[in-house]
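Biologist: Hello! I would like to learn how to read a protein model, step by step. Could you walk me through one?

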Amino acid sequence: MKSLIPVASPLLPPLEDFIPYLQEIWRTKRLTNGGPFHEQLEKELADYLGVKYLSLFANGTLALVTALQALRISGEVITTPYSFVATAHSLLWNGVKPVFVDIDPHTYNLDPDRLEEAITPATTAIMPVHCYGIPCNVDRIQQIADRYGLKVIYDAAHAFGVRHKGQSLLTHGDMSILSFHATKVFNTFEGGAIVCPDAKTKQRIDYLKNFGFADEVTVVAPGINGKMSEINAAFGLLQLKHIDAALHRRKRVDGIYREAVSAVPGLELAWTVTEGHNYSYFPILVGPGFAVSRDALYERFREQNILVRRYFYPLITEFPMYRGLESARKTNLPFADDISHRILCLPIFDSLTDDDIDRVIQIITTAASETF
Ligand SMILES: *Cc1c(COP(=O)(O)O)cnc(C)c1O
């Protein structure tokens, strides 16, 4: 059996470089609750990303749940069916009803042209996703939100470091949520963050992620335990030293794939790379003009121990807790439905070797040359 190639593999700096951080934790005995590494990572990440305020979390899902709490979101929230299931789950955990709107087939993100018709008197917010790190139409979304007095919470789990029109993509909306899960571009094993525009909002988020404690004897809200530990924060600091090199290697893989895939009839590149991208995913579209179906190609990869993924198939709206909703009907989401049946994400990560890349491309070209 050929060696396994996952779709994503974590950025892991040399182990010996992590030892001094561990020694420091053992020396100070500060394990969590906003210790020195936590504080330093919040500062360094805000600097690196080019944002004002950032609160670290134990994972991205708790960050999403807490962001909705911090903005006191209720009623209905408009969101996308084309995402990881945690996006919609965070709404259910807040007792909020998700209202699904179709995607723009060119960006895979919420289609602003379909937003207004989904707004009702119960709508309080929009939760778009920068899918694959491709920027949403942030200007149009903000215009609509302003007109109807809605909050905008971006699930930016794919958008670490993405720049848009000369600034961080994460500065848009009322809040942006990041995930530092092992499979993401930047990881702290598990982790996440909320990016927000002002100190007062950060203060509220920080209370909420620590049970609502404002001081030793004062609890101001029914908060949760969403804190990132010192070990995770220390790993994030080490990771930051390697992130630029890792992004550079991802960009190279993207370039090689892009050239190979564009030469194959029936395959489409999912989008054109723009300046400031983070190369977090490499999605392709398998069309009717290709020799085999999307799922047959997926199986060919699996047979060769290459774990490509159908992100995002099935759609969130196909899971049992969502499919009964009026907005979850397939006829309401034709583009999301179509794309979910054609999409395939190829392996992309910093440690992918040239041999790995060759194996991936070989499977595509072999499948493409099959005739019946
Ligand atoms: C990874 C991911 C999440 C969840 O983040 P965790 O850190 O795993 O909890 C949420 N939304 C999207 C779009 C994701 O890809």
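Predicted model: local features only at pLDDT ≥ 70, side-chain atom pairs only at ≥ 80, totals over all residues.

Biologist: Is Arg294 buried or exposed?

Modeller: Relative accessible area tells you, and buried means under 20%. Arg294 has 4%, so Arg294 is buried. Asp295 has a relative accessibility of 33%, so Asp295 counts as partly exposed.

Biologist: How many salt bridges does a search of the whole structure find?

Modeller: The search finds 19. Let us look at some of them. Arg140 pairs with Asp113, and their closest N and O atoms are 3.1 Å apart. Arg140 belongs to helix H5 (residues 138-148), while Asp113 sits in the loop between strand E4 (97-100) and strand E5 (123-127), so this pair ties together parts that are 27 residues apart in sequence. Arg140 is partly exposed at 30%, and Asp113 is exposed at 53%.

Biologist: Which residue forms a salt bridge with Arg300?

Modeller: That residue is Glu370, and the closest N and O atoms are 2.4 Å apart. Arg300 lies in helix H9 (residues 294-303) and Glu370 in the segment after helix H11 (354-368), so parts that are 70 residues apart in sequence are tied together. Both count as partly exposed: Arg300 has 25% relative accessibility and Glu370 has 26%. Salt bridges can also share partners, and in this way Glu42, Lys202, Asp206 and Lys209 are joined into one network.

Biologist: Now for the bigger picture. Into which domains is the protein chain divided?

Modeller: There are domain 1 (15-238) and domain 2 (243-368). Their centres, taken over C-alpha atoms, are separated by 25 Å. Each domain brings 34 residues to the contact.

Biologist: How much area do domain 1 and domain 2 bury between them?

Modeller: First, the general idea: the size of an interface is often given as the accessible area lost when the parts come together. In this model, domain 1 and domain 2 bury about 2900 Å² between them, and 67% of that is on carbon and sulfur atoms. Phe100, Tyr132 and Val185 supply 24% of the area that domain 1 buries against domain 2, more than any other three residues. As for salt bridges across this interface, the rule finds zero.

Biologist: Where is His242 found?

Modeller: His242 is in the loop between helix H7 (230-240) and helix H8 (243-262). With a relative accessibility of 25%, His242 counts as partly exposed. Beyond its neighbours within four places in sequence, His242 is in contact with Leu11, Pro13, Pro14 and Asp17.

Biologist: One last feature, please. Which residues form a nonpolar patch on the surface?

Modeller: Phe211, Phe213 and Val219 do, with about 260 Å² of accessible area together. Phe213 lies in strand E11 (residues 213-215) and is partly exposed at 35%. For another C-alpha comparison, take Pro314 and Phe213: 101 residues apart along the chain, they are separated by 40 Å. Pro314 lies in the loop between strand E15 (306-307) and helix H10 (334-340), and its relative accessibility of 31% makes it partly exposed.

Key: Residues numbered from 1 in each chain as written. Heavy atoms only, no water. Patch = residues over 30% accessible without salt bridge, like charges linked within 9 Å, V, L, I, M, F, W, Y side chains within 5 Å. Areas by Shrake-Rupley, 256 points an atom, 1.4 Å probe, with all protein chains shown as cover. Salt bridge = Lys/Arg side-chain N within 4 Å of Asp/Glu carboxyl O. Helix = DSSP H or I, 4+ residues; strand = E, 2+ residues; numbered from the N terminus. Buried < 20%, exposed > 50% of the residue type's maximum accessible area, 1.4 Å probe, protein only. Domains from an automatic or database assignment. Contact = heavy atoms within 4.5 Å. Buried area = accessible area lost by both parts, 1.4 Å probe.
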